[in-house]
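Please read the following briefing alongside the sequence and the coordinates. It moves from the ligand surroundings to the overall chain, then to the strands, the core and a loop.

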Amino acid sequence: MVTATEIQPAVHAPRHVTAIVTGAARGMGRAMTLGLAAAGVRVAAADLPSSRAEMDELLDTARRQGVADNVFPVDCDVTRWEDCAKAVQAAIDRFGAVHGLVNNAGIRVLDADLTKGGRHGRFYEHDTETWRRVVETNIVGPFQMAKAVAPVLVAQGWGRIVNITTSHSTMVAQSFSPYGPTKAAMEAATVIWAKDLAGTGVTVNALLPGGAGNTRMIPQADVPDRSTLIQPEVMMAPIAWLMSAASDGVTGRRFIAKQWDPALDPAAAAAKAGAPAGW
Ligand SMILES: NC(=O)c1ccc[n+]([C@@H]2O[C@H](COP(=O)([O-])OP(=O)(O)OC[C@H]3O[C@@H](n4cnc5c(N)ncnc54)[C@H](O)[C@@H]3O)[C@@H](O)[C@H]2O)c1
């Protein structure tokens, strides 16, 4: 009988990768879920129970595209530790394993705060509750998801953590707190986690669209002509590469999806769109 201590870490990528995508129901998360599913990755699509209608739309699209078997919806509020632990277990129960995490769920400000200082308010006009909630969602949430999944990834000797951050200019743009500081924190966390997991077979990278994206996060009133925004589909090719064996050993880097050139082979596209994470 093989005991736990005799199990050696896998040195090769799994045949079928399973990943958890948080904030999967709409926007960037939906595009990455569909892109991964089309690439053969089995995805636990995690989002708030309040996003059920958007999750149903995602599942309908997955059905139409013939990839519904690769998408499994999971209720998960990343600010709640029990939900994060349950999401990891749900992925394992459904697909038999988990190999990757895409920390995508994120918010900018609370709707209630829009009336007090608003999206464009000065930092001192925001409620403390808004700061707490954005920090909880954008920093504590990704940490809790990574904390829940990392021991599994390290034990199996192969894994992927991808943090969705933002452009450097957004991190320090006027009026962009608390959002900008939370994304800067996740960029720093990407570098630190990559160092902590060096040599384990688990990589940690950041991925960002490279500008304002056509999602609910950028309100219609701010940008009426949506064709001028980055379309969420730009995230599909880089996330599929990051979740594959082709990116083995690539860690501590940031990839700008807008700069990913689909005409190049993925390694060349990654070299062009990538740089060390951080500053
Ligand atoms: N849209 C942009 O311009 C842009 C630019 C750079 C980076 N990003 C990043 O992309 C990511 C996705 O944002 P988006 O633009 O698709 O926004 P979005 O508002 O369309 O989607 C965010 C998703 O996260 C979910 N979510 C929110 N709080 C959650 C929680 N506590 N637990 C689980 N899920 C939660 C929402 O239900 C929603 O499905 C975010 O991390 C955001 O910071 C967006």
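**Ligand shell**

The residues that form the shell around the ligand divide into 13 nonpolar, 13 polar and four charged. This is a predicted model, and the shell is described further in the points below.

- In this model 30 residues surround the ligand, and the closest of them are Gly-23, Gly-27, Gly-106, Gly-213 and Thr-215.
- Helices α1 (27-38) and α4 (128-156) each supply at least two residues of the shell around the ligand, and α1 gives the most, with three residues.

**Overall chain**

- The chain contains eight helices and eight strands, and its C-alpha trace spans about 65 × 45 × 40 Å along the principal axes.
- A compact globule with 279 residues would have a radius of gyration near 19 Å, and the chain, at 18 Å, agrees with that expectation.
- Of the 279 residues of the chain, 45% count as buried.
- Among contacts between residues at least 6 apart in sequence, 70% join residues that are at least 24 apart.

- Strand β5 (residues 159-164) is largely enclosed by the rest of the structure, because six of its six residues are buried.
- In a regular strand the side chains alternate between the two faces of the sheet.
- In β5, Gly-159, Ile-161 and Asn-163 point one way while Arg-160, Val-162 and Ile-164 point the other way, and all of these residues are buried.
- Strand β4 (residues 100-103) runs parallel to β5 and is joined to β5 by four bridges; in this pairing, Asn-103 stands opposite Asn-163 in β5.
- Strand β6 (residues 202-208) also pairs with β5 in the parallel sense, over six bridges, and here Gly-159 stands opposite Val-202 in β6.

- Strand β2 (residues 42-47) is mostly covered, with six of its six residues buried.
- Strand β1 (residues 18-22) pairs with β2 in the parallel sense over five bridges, and Thr-22 stands opposite Ala-46 in β2.

**Nonpolar core**

- The largest nonpolar core has 67 residues, of which Ala-19, Ile-20, Ala-45, Ala-87, Leu-207 and Ile-239 touch the most other members.
- When residues up to four places away in sequence are not counted, Ile-239 touches Met-32, Gly-35, Leu-36, Val-102, Val-162 and Leu-207.
- Among these contacts of Ile-239 is Val-162, which belongs to the group of β5 residues pointing the same way as Arg-160 and Ile-164.

**Loop between α5 and α6**

- Pro-178 lies in the loop between α5 (168-171) and α6 (179-196), and a cis peptide bond, with omega of about 5°, joins Ser-177 and Pro-178.
- Ser-175 is also placed in the loop between α5 and α6, and has a positive phi of about 75° although it is not a glycine.
- Ser-175 has 15 other C-beta atoms within 10 Å and is therefore partly exposed, a class that lies between the limit of 20 or more for buried residues and that of 12 or fewer for exposed ones.

Methods
Residues numbered from 1 in each chain as written. Predicted model: local features only at pLDDT ≥ 70, side-chain atom pairs only at ≥ 80, totals over all residues. Pairing = 2+ DSSP bridges. Near = placed C-beta within 6 Å. Nonpolar A, V, L, I, M, F, W, Y, C, P; charged D, E, K, R; others polar. Core = buried A, V, L, I, M, F, W, Y, C linked by C-beta atoms within 7 Å. Contact = placed C-beta atoms within 7 Å. Rg over C-alpha atoms; globule rule 2.2 N^0.38 Å.
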